[in-house]
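The following exercises concern the structure shown below.

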Amino acid sequence: MYTVFSTFDVPEHKADEVISIYRNRSKMVDTAPGFIDFMLLQNDKRKGELTVQLIFDSKENYLNWVRSEDFKKIHDLEKKYPDQELAAIVPKVTQYKIVAR
């Protein structure tokens with residue numbers, strides 16, 4: 001299995017707004033081949049630090065998702081988000097092969 005974390009900081013007063021956006025996400029990734037799970041994590045001490053975690057069955061299927069038209073559509077929508085402060089956020093992305101559970 002393969003997991004990817006995308007961590008980003010938002011102003012704490014906008015954290016609930018961003019969480020709401022993810023709760024109402026398009027769920028396009030959910031139908032991608034090899035997709036297993038999606039989670040949005042909030043740092044318990046720094047409320048503005050959020051992390052998206054995706055789990056796929058393989059690195060190959062994750063990379064296929066990243067190269068897909070649906071991925072491009074989702075990320076193009078993010079760039080057009082009306083709140084330019086949020087639209088300009090660039091996450092730190094880390095990728096891991098899951099080696100034990």
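**Exercise 1.** How many helices and how many strands are there in the protein chain?

*Solution.* The model is predicted, so local features need pLDDT of at least 70 and side-chain atom pairs count only at pLDDT 80 or more, whereas totals for chains, interfaces and linings use all residues. Residues are numbered from 1 along each chain as its sequence is written, and side-chain values use heavy atoms, leaving out hydrogens and water. Helices (H or I, at least four residues) and strands (E, at least two) are DSSP runs, numbered from the N terminus. The protein chain contains 4 helices and 4 strands. Their order from the N terminus is β-α-β-β-α-α-α-β.

**Exercise 2.** State how many residues the largest nonpolar core has, and identify its contributors.

*Solution.* A nonpolar core is a set of buried Ala, Val, Leu, Ile, Met, Phe, Trp, Tyr and Cys residues joined through side-chain atoms within 4.5 Å. Buried means under 20% relative accessible area (1.4 Å probe, protein chains only). In the protein chain, 34% of the 101 residues are buried. The largest core has 20 residues, and those with the most contacts inside it are Val10, Phe35, Leu54, Phe56, Tyr62 and Trp65. At least two core residues come from each of β1 (2–9), α1 (15–23), β2 (35–42), β3 (49–56), α2 (59–66) and α3 (69–79). The element that gives the most is β3, with 4 residues.

**Exercise 3.** Which residues does Phe35 touch, not counting residues up to four places away in sequence?

*Solution.* Contact means heavy atoms within 4.5 Å. With those sequence neighbours left out, Phe35 touches Val29, Asp30, Leu54, Ile55 and Phe56.

Terms used: Buried < 20%, exposed > 50% of the residue type's maximum accessible area, 1.4 Å probe, protein only.
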